[in-house]
Amino acid sequence: MTDKLEKTIWDCAVIGGDPAGLTAAIYLARYHLSVTVFDDNTSRAAMIPISHNHAGFPDGISGPKLLDRMRAQAQRYGALIQGRKVAALKKDGDFFELVFDGETVFARSVLMATGVLNRRPPMSSAAHDDAVARGLLRYCPVCDWFEVSDRAIGVLGTGAKGFMEAKFLRSYTRDVTLVAPAGEHDLDDAERRGLEGLGVKVDAGPVTSIEQSANMITIATATRSYAFASLYPALGSDIRSGLAGALGARVSDEGCIDVDAHQRTSVPGLYAAGDVVIGLDQISHAMGQAGVAATAIRNDLCEIEALVR
Ligand SMILES: Cc1cc2nc3c(=O)[nH]c(=O)nc-3n(C[C@H](O)[C@H](O)[C@H](O)COP(=O)(O)OP(=O)(O)OC[C@H]3O[C@@H](n4cnc5c(N)ncnc54)[C@H](O)[C@@H]3O)c2cc1C
């Protein structure tokens, strides 16, 4: 305890410096709370080449530009942003301990804004990032299906995820092909009939190569090759809730952190917002949840100790 008292104890430590974490940091800093943000530079938002559905930017805005603006806004009000990976999260009495290589940071509350990681198709990191930057590989039909209207689209996946994504995209173009990555589809009769009725082409794969040209992405399977304007991987994602789960926070079967209407987790003092919580996986939703979380953090801290100036 002596050691703890000698150190800074932040009112809030935010894990994740993207739309959810930075929105919360802006709110918390403007509530005159001390806030630090940790980010390990594996941002999903930074992969957005240009977003056309984020309100307020009629000509669109790229993920990196949006994040630059948000970081500047959070820092203007005193938030400290640190490019560091939180290795472990513990709770000792009223305080959280964020553990790094050889150092521990203390906080009265913690916001998990750690997002998710998309599972990727088999291609090199450089080829992958280049394809995402050019809109040949897309991960978010809700965000950018408008951009692929009436184009030839591939969905890489199978099972319920592949079926749902192909069905979703079919409402924007007649030309949808669902390709199984590993040589066999895992679709039940109703899903097969549904795809047939919608005119979605189905290929059992396996995918033998993924190549890209100036404006097309080409997939070769065992039987033929396809040139798509965009390919949507529907391979699922890994939810980055491990730190919260290890602390005993309740998570759903898929791994999303369970929260109440104020973004409180089942661990007192621990909150969560953004893609790591079940939701729409959109910037707007992440920001909305973060505003609610920051306000709950402020009010809950106030219950413990009156915040007066
Ligand atoms: C290619 C692409 C295009 C998209 N286009 C759009 C769009 O046009 N419009 C839209 O609304 N949405 C879009 N999205 C979705 C959008 O990116 C997400 O909904 C949004 O980024 C969620 O924000 P978040 O803050 O919850 O999580 P993330 O953006 O995933 O950020 C999580 C952060 O947590 C950090 N982190 C995780 N674990 C740790 C740890 N242990 N220590 C330190 N830091 C950690 C990571 O570094 C990361 O920066 C797109 C996504 C992709 C992949």
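This is a predicted model: local features need pLDDT of at least 70, side-chain atom pairs count only at pLDDT 80 or more; totals for chains, interfaces and linings use all residues.
The partners fall into separate accessibility classes. Aspartate 275 counts as buried, because its relative accessibility of 16% is under the 20% limit. Arginine 44, at 24% relative accessibility, counts as partly exposed.

## Other salt bridges

The whole structure holds 14 salt bridges. One of them joins arginine 84 to glutamate 103, where the closest N and O atoms are 2.8 Å apart. Here 19 residues of chain separate the partners: arginine 84 lies in the loop between β4 (80–82) and β5 (88–92), and glutamate 103 is in strand β7 (residues 103–107). Both are partly exposed, arginine 84 with a relative accessible area of 25% and glutamate 103 at 32% relative accessibility.

Another salt bridge brings together the side chains of aspartate 175 and lysine 201, at 2.6 Å from N to O. Aspartate 175 is found in the loop between α6 (159–170) and β11 (176–179), and lysine 201 in strand β12 (residues 201–203), with the two residues 26 apart. Aspartate 175 is partly exposed at 28% relative accessibility, and lysine 201 is partly exposed too, with a relative accessible area of 39%. It is also worth a look at Asp40, Lys85 and Arg240, which are linked in a network of salt bridges.

The size of an interface is often given as the accessible area lost when the parts come together. For domain 1 and domain 2, the buried area is about 600 Å², with carbon and sulfur atoms giving 62% of that area.

Which three residues supply more of the area that domain 1 buries against domain 2 than any other three? They are Met47, Pro49 and Gln282, which supply 56% of that area.

Is histidine 128 buried or exposed? Histidine 128 is buried, with a relative accessible area of 1%. This residue is in helix α4 (residues 125–133).

Two polar contacts involve the side chain of histidine 128. One joins histidine 128 to the side chain of arginine 120 at 3.3 Å, and another joins histidine 128 to the side chain of aspartate 129 at 2.9 Å. Leaving out residues up to four places away in sequence, histidine 128 touches Met47, Arg120, Pro121, Met123, Leu137 and Tyr139.

## Backbone details in the loops

A cis peptide bond runs from glycine 205 to proline 206, with omega near -5°. Proline 206 lies in the loop between β12 and β13 (207–212).

Two residues other than glycine have positive phi values. For histidine 32, phi is near 60°; this residue lies in the loop between α2 (19–30) and β3 and is exposed, with a relative accessible area of 54%. For aspartate 150, phi is about 65°. Aspartate 150 is in the loop between α5 (141–144) and β10 (153–156), and at 68% relative accessibility it counts as exposed.

## After the helix α9

Leucine 307 is found in the segment after α9 and counts as partly exposed at 32% relative accessibility. Neighbours within four places in sequence aside, leucine 307 is in contact with Leu33, Arg298 and Cys302. The C-alpha atoms of leucine 307 and glutamate 165 are separated by 48 Å, and the two residues are 142 apart along the chain.

Notes. Residues are numbered from 1 along each chain as its sequence is written. Side-chain values use heavy atoms; hydrogens and water are left out. Buried area is the accessible area (1.4 Å probe) that two parts lose on being put together, summed over both. A salt bridge is a side-chain nitrogen of Lys or Arg within 4 Å of a carboxyl oxygen of Asp or Glu. Buried means under 20% relative accessible area, exposed over 50%, partly exposed in between (1.4 Å probe, protein chains only). Helices (H or I, at least four residues) and strands (E, at least two) are DSSP runs, numbered from the N terminus. A polar contact is a pair of N or O atoms within 3.5 Å; within protein, one must be able to donate a hydrogen and the other to accept it, and residues adjacent in sequence count only if both atoms are side-chain atoms. Contact means heavy atoms within 4.5 Å.
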